[in-house]
Amino acid sequence: MTTPVPQSLHLVTLAVADIARARAFYDALGWTAHGDSNPHVVFYQTGGMVLGLYGRDALAADLERPNLGEPGAITLALNLRTKEEVAPMVERWLAAGATRLTPIKETPWGAVMAYVADPDGHPWEIGYVPQFLPDDAGNLILP
């Protein structure tokens, strides 16, 4: 019998063109970087997970993949507890330097959402999804 792989995700690392610019963006959202300032990597504690920012060239070298391709093959999401929080949160991201990818829209399943991109083009879904509400600690637990 083999040991099962833990059903966990601990760290999402984004390849960024400029660490200082990327950090300034996430700091402008009000996020707090963990630990000392490092010119090569920045970490943010996000509930039970960590978001890392790592230089695109350094990550390509680590992966031994000289062409990482364009960002956007995945989306990241920030789920909010009410519909009313969506518009001001999208505006906060735009004020910090995000680019609007879609307008705020309602879906047939009751969600209210919009997509924005961080300065390196990583898409974020900002929304209210009644089936996936974060708990009081901000953690998303599947029903």
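Trainee: Which elements each supply at least two residues of the lining of the largest pocket?

Mentor: They are β2 (41-46), β3 (49-55), β4 (76-79) and α3 (86-96). The model is a predicted one, in which local features need pLDDT of at least 70 and side-chain atom pairs count only at pLDDT 80 or more, while totals for chains, interfaces and linings use all residues. Residues are numbered from 1 along each chain as its sequence is written, and side-chain values use heavy atoms, with hydrogens and water left out.

Trainee: What makes a stretch of the chain a helix or a strand?

Mentor: Both are DSSP runs numbered from the N terminus: helices are H or I runs of at least four residues, and strands are E runs of at least two. By that rule the chain has three helices and eight strands, in the order β-α-β-β-α-β-α-β-β-β-β.

Trainee: What makes a set of grid points a pocket, and what makes a residue part of its lining?

Mentor: On a 1 Å grid over the protein atoms alone, a pocket is an open set of points where a 1.4 Å probe fits, with protein on both sides within 12 Å along at least five of seven lines; lining residues have an atom within 4 Å of a point. The largest pocket has a volume of about 940 Å³, and 25 residues line it. Thr46, Met49, Ala77, Leu78 and Gly138 lie nearest its centre.

Trainee: Which element gives the most to that lining?

Mentor: That element is β4, with four residues.

Trainee: Why is aspartate 136 called exposed?

Mentor: Exposed means over 50% relative accessible area, buried under 20%, and partly exposed in between, using a 1.4 Å probe and protein chains only. Aspartate 136 has a relative accessible area of 78%, and is therefore exposed. This residue is in the segment after β8 (123-128). Its C-alpha atom is 9.2 Å from that of arginine 81, 55 residues away along the chain.

Trainee: Why does glutamate 85 count as partly exposed?

Mentor: Its relative accessibility is 32%, so glutamate 85 belongs to the partly exposed class. Glutamate 85 sits in the loop between β4 and α3.

Trainee: How many residues does the chain have, and what percentage of them is buried?

Mentor: The chain has 143 residues, and 33% of them are buried.

Technical notes. Grid points are joined across faces, edges and corners, and a volume is the space filled by probe spheres set on the points.
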